[in-house]
Amino acid sequence: MNTELFYYALVEIGISIIIGVFLLYWTYRIIDRLVKKKFQISLDNISFSIFSSSILFSVAYLISGIKSPILNSLKLLSNNPEYSGSLVLDGFKYTGLFLIIFIISIALVIIISIKLFTYMTKRIDEFQEIKKNNIAIAIITATIIISISIMVKESLYLLIETFVPYPEIPKFF
């Protein structure tokens, strides 16, 4: 058994669970405060549940790739013979930086997607329809949110990769 790989996998699982639960909990709290309370949506509203679930799914889907840049950063630092800092502190630094960038990016993607979609469908007030428990509107809005998340995922990962301290590559041109 490769014990180094085993411990690496355990660290990755731990990071996934901690970041996932924390982020999804706060995402739900924000949705609850910004949408549910603003539009006075009842607890038993299935449309709101569909809408909220799409946002939670999108956040989880988009955040699922954040482990790789974090672990790549730590691996690059630990393999660098000139590195003399604290791997734990730098690990928290990179994790915090990547999370902040990712959370802001995800929030912007979802908010802009919803705003653009509601702007383009002026005849329908999606949130009033969700309040009325219009499941069809909730499914369409949820599909838009999830689809946009699928489309921007790779771009968000590319954005995060720009902050990974890769060694300089010589330019030949």
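**Helix packing in a predicted model**

Residues are numbered from 1 along each chain as its sequence is written, and side-chain values use heavy atoms, leaving out hydrogens and water.

Me: Which residues of α3 are buried?
Reply: Happy to list them. Helices here are DSSP runs (H or I, at least four residues), numbered from the N terminus. In α3, the buried residues are K67, P69, I70, L71, S73, L74 and L77.

Me: How far apart are the end C-alpha atoms of helix α3 (residues 67-79)?
Reply: The expected span is 1.5 Å times one less than the number of residues. For the 13 residues of α3 that should give 18 Å, and the model agrees, with its end C-alpha atoms apart by 18 Å.

Me: At roughly what angle do the axes of α2 and helix α6 (residues 135-161) cross?
Reply: Axes are lines fitted to C-alpha atoms, for helices over the stretch in contact (heavy atoms within 4.5 Å), and angles run from 0 to 180 degrees between N-to-C directions. The two axes come within 9 Å. α2 is roughly parallel to α6 (under 35 degrees) because of their crossing angle, which is roughly 5°.

Me: At roughly what angle do the axes of helix α1 (residues 3-36) and helix α2 (residues 46-63) cross?
Reply: This pair of axes comes within 10 Å. Residues making the contact include I19 and L23 of α1 and F48 and F51 of α2. The crossing angle is roughly 145°.

How values were computed
This is a predicted model: local features need pLDDT of at least 70, side-chain atom pairs count only at pLDDT 80 or more; totals for chains, interfaces and linings use all residues. Helices (H or I, at least four residues) and strands (E, at least two) are DSSP runs, numbered from the N terminus. Angles under 35 degrees count as roughly parallel, over 145 as roughly antiparallel, 65 to 115 as roughly perpendicular and the rest as oblique. Buried means under 20% relative accessible area, exposed over 50%, partly exposed in between (1.4 Å probe, protein chains only).
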